[in-house]
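Have a look at the structure with me, and then follow my entries.

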Amino acid sequence: MAEALAKNAYTGGAHAPAKKATFDLFARPTAKTGLVSWLTTVDHKKIGMLYGGFAIIFFLIGGLEALMIRTQLMVPNNRFITAQLYNELFTMHGTTMIFLAVMPLNAAFFNLLVPIQVGARDVAFPRLNAFSLWVWVVGAILLNVGWLSHFSDALKGFGGAPDAGWFGYAPLTSRTFTPDLSTDLWVLGLQVLGLSSIVASLNFIVTIINMRAPGLTMMRLPVFTWMALVTSFLLILALPAIAIALVEVMMDRNFGTSFFEVSGGGQPILWQHLFWVFGHPEVYILILPPMGYVSEILPTFARKPLFGYPIVVFSGVAIGFIGFGVWSHHMFTTGMGNVATAAFALATMAIAVPTGVKIFNWIGTLWGGQIMTRVPMMFALGFIWMFMLGGFSGVMHAAAPADAQQQDTYFVIAHFHYVLIGGATFALLAAIHFWFPKFFGRMVPEFWGKVSFWLIFVGFNCTFFPMHFLGLNGMPRRTWTYDSNMGWNEGNLFATLGAYLLGIGIFTYFAVLIYSYFKGKVAGSDPWDARTLEWSIPSPPPEHNFAAIPTVHARDAWWYEKHHKEEIAKEKAEHIKAEESHGGIHMPDQSWYPLFSAFGLLVGAYNFAQIHQPLVLFGNQVSASHLPLAITGGVIMVAALYLWALEGPGGYHLHLGPDGKVTESRGDH
Amino acid sequence: MSLRPLTAPWFHGPAGHEKIWLGCAILWCFVMSLMMPYWHFRGKQNSTGEAYTVKPADFLARTEKFVAANRVGTYKHPGNALLGEVPVVEPPPGGDAYLIGRMWQWYPALRLRQGETYRIHLSALDLQHGFSLQPLNMNFQAVPGYDHVLTLTPTSKGEFTIVCNEFCGIGHSSMTGKIFVE
């Protein structure tokens, strides 16, 4: 059977007509615009935009949380917010920025770009892709629902937002010390986000390996796609560690086990190991895709191919590998002993080598280039500089004796904000600006883009540079307030003013984007004279991406096409003819089931988090526990997944007319 | 592949001053790596990371015994009523001292003699705390179930504050302790 199928696919014979063995409980949606089209979409571009939109909202929420934290720390002994609210804010600031802002923004770009850069029409599993998105939304809701308790007395039951820190060090997360529901929701929220990431990663690995256009060998892949591949592997290998750790916390909290309870023979240090064996690869999960954006943007605006492409790729892979062997540098001060400390110190220093190699390659790309300082380029150059500063303080942490002076001080905060804002966020802002014309068909005004860049650049440095000194002067992290005689007053005041400037910069940046969405100059398909395949198709891209699947002849595929127009036009005409003889361009059908199964997961997870609490509706106790509702949610999810399997792949065909018009056909062709 | 194919031979091995630079870089890596163990033994400023497992109840009992045997006074933090009174304890020179982190207090306060070497046993009773010695800014974690031993010789006199630098709940920012060196 498999052989016959494979043979059929390769000999170019028409597909056998789909058997009618499918079962549709709901009619498959076909709307191309409107709410239903967004809720049921399987189009990687729409899914990418949803990821991006939600992520930007959470990025702004996380930013507001940060501004409240900075306001509280502006002056000593401040009482702007309570200690409890402060704990909730810094916990959710970290959790939001990592899991709900930077990771989904990267996921947004994976979705928007990877299929187009590999010359495919969609990801390998389009419905699964929609499932990842909606499961991610479920995780985001579970993490943030606790904020509601601050807005209404009727919702006090949540006990506020999670307040045990994004690192959730056991046994602070045990029932004894954080009895509130918020910690249970935090545990399940992270678990659900992990599920979303693993599903999406599998999807992208299969897409990148299996769906590359003819001629697109692995060593011709754009660096961004390579980094997406490495990141996906990191996610799949790193997330099980935190999944297990979170299950253990959940068991400790709800079912009386003692994984982290010292009184029951548990080991709090086990949490640190499990958390950081996830948490450190997570750092590279956040930074590798930004390295990819920068590797795309620099060559475009330096008018040169990327310097040392294979070395950039292999460095990315090396960072991924070594990233799994450095986690205990977060634990140098726990008393691990000299041998473990030395081993992890050396591994941590070693990881600076491939990172440094990449930086040299980017500088090599700029060298001798005809540099155009457009806005994305400014952010990319800012990335190189700021990320390097963050890298330097990273090497300082790697020296274990020096780390004893830095552990859990503001020095660490300075370090990771330099790599996560100066690094990841700068690259993301560069990427948003760079690909905005592609996906919205409009340019962002240069002048206002540059204004926002300088506001962000100056504000960012004013906020975080003083923190190096605050940290070395001993200011500990996660403190609600501090005494005026500690010598931390000026640094904190300066940092807070910088944070306001940074806030204004970020606000300007997104305000300009909103303006450009409505009023920006209309962009052509290739406004930057760029190099990769996404610029070869119209802006915004049509649903089927490519009229003809491209054949890739060079690493900078689109630059090659621009210089070999006749050869490419001939090839494309043949591809279109061949595809039409197969029945046209095959497109996947939309589906309700990814959304429905995610809804089931939301109901199930939300109720499972409070499984031992009595279920109260409108003031009346309905049930002694939340078990029935948790089961209901599980049943909805499994039923939706089952119906998903029954509905079959579906699909329809697009046909290109000679005048470039696209017609649609369904059923037998 | 770039726009124009590379002309062979495209790779030239390092030569001349490139070799010198590479040599310097590698040599410097060795120097840096060797400095770490060298400074550990020569500078005597690094913790050896000595730690033992201990039950929190046992550690509390040891600390209480240590306090009862060596108590020399009491200390009350002038500005912070939350912290309450803690005994000031002076361990015998060259002996063991015990220090507990618990919500949200360092217990007891220590009085040490300049130039004497002590073994400070550090642990937490409830959840994780961070021992951060100010204004020197040396940081170590105090984890329940672990007896973290710091071998320490005070070299300057004065009053040192211990602040908690591992997040431990709502009282985290006010959790301080004292070490006096005479």
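Below are my entries, grouped by what I looked up.

**Entry: what kind of model this is**

I am working with a predicted model, so I keep that in mind on every page.

**Entry: where chains A and B meet**

I began with the interface. Chain A brings 56 residues to the contact and chain B brings 38 residues. Between them the two chains bury about 3500 Å², and 60% of that is on carbon and sulfur atoms.

How many salt bridges are there between chain A and chain B? I found the count to be 0. Polar contacts do turn up, with 15 residue pairs across the interface.

I then asked which elements of chain A supply its side. Those that give two or more residues are helix 4 (83-117), helix 8 (268-302), helix 10 (338-366), helix 12 (400-406), helix 14 and helix 16 (557-563) of chain A. Helix 12 of chain A gives the largest share, 5 residues. Sorted by class, the side of chain A that touches chain B holds 28 nonpolar, 21 polar and 7 charged residues.

**Entry: helix 14 of chain A**

I looked at helix 14 of chain A by itself next. It covers residues 446-472, 27 residues, and reaches 39 Å from its first C-alpha to its last, close to the 39 Å expected at 1.5 Å a residue. After the helix comes G474(A), with a positive phi near 95 degrees.

E446(A) counts as partly exposed because its relative accessibility is 23%. R374(A), at 26%, also counts as partly exposed.

The search of the whole structure gave me 27 salt bridges over all chains. One of them joins E647(A) to R28(A), with the closest N and O atoms 3.3 Å apart. This pair links distant parts of the chain, since E647(A) is in helix 19 (residues 627-647) and R28(A) is in the loop between helix 1 (2-11) and helix 2 (35-39) of chain A, 619 residues apart.

Are these two partners buried or exposed? E647(A) is buried, with a relative accessible area of 4%. R28(A) counts as buried too, at 14% relative accessibility.

I also wrote down D43(A) and K45(A), whose side chains meet in a salt bridge at 3.1 Å, N to O. Both of these residues are buried. Finally, R303(A), D526(A), D529(A) and K562(A) are linked in a network of salt bridges.

E296(A) lies in helix 8 of chain A. I call E296(A) buried because its relative accessible area is 1%, and the cut-off for buried is under 20%. Which side chain does the side chain of E296(A) meet in a polar contact? I found R531(A), at 3.1 Å. Leaving out residues up to four places away in sequence, E296(A) touches Q117(A), P222(A), V223(A), F224(A), W435(A), R531(A) and T532(A).

**Entry: backbone features worth a look**

Most residues other than glycine have a negative phi, and most peptide bonds are trans. With that in mind, I listed some exceptions.

R303(A), from the network above, has a positive phi near 55 degrees. It is in the loop between helix 8 and helix 9 (309-322) of chain A, and it is partly exposed at 24% relative accessible area. D408(A) has a positive phi of about 55 degrees as well. D408(A) is in the loop between helix 12 and helix 13 (410-440) of chain A, and it is buried, with a relative accessible area of 5%.

I noted cis peptide bonds too. One joins A170(A) and P171(A), with omega about 0 degrees; P171(A) is in the loop between helix 5 (126-144) and helix 6 (181-210) of chain A. Another joins S539(A) and P540(A), with omega about -15 degrees; P540(A) is in the loop between helix 15 (489-519) and helix 16 of chain A.

**Entry: a spot in chain B**

My last stop was D58(B), in helix 2 (residues 56-70) of chain B. At 37% relative accessibility, D58(B) counts as partly exposed. D58(B) and G145(B) are 87 residues apart in sequence, and their C-alpha atoms are 9.7 Å apart in space.

Definitions and conventions. Residues are numbered from 1 along each chain as its sequence is written. Chains are lettered from A and ligands numbered from 1 in the order in which they are written. This is a predicted model: local features need pLDDT of at least 70, side-chain atom pairs count only at pLDDT 80 or more; totals for chains, interfaces and linings use all residues. Side-chain values use heavy atoms; hydrogens and water are left out. Helices (H or I, at least four residues) and strands (E, at least two) are DSSP runs, numbered from the N terminus. The expected span of a helix is 1.5 Å times one less than its number of residues. Buried means under 20% relative accessible area, exposed over 50%, partly exposed in between (1.4 Å probe, protein chains only). Contact means heavy atoms within 4.5 Å. Buried area is the accessible area (1.4 Å probe) that two parts lose on being put together, summed over both. A salt bridge is a side-chain nitrogen of Lys or Arg within 4 Å of a carboxyl oxygen of Asp or Glu. A polar contact is a pair of N or O atoms within 3.5 Å; within protein, one must be able to donate a hydrogen and the other to accept it, and residues adjacent in sequence count only if both atoms are side-chain atoms. Ala, Val, Leu, Ile, Met, Phe, Trp, Tyr, Cys and Pro count as nonpolar, Asp, Glu, Lys and Arg as charged, and the others, Gly among them, as polar.
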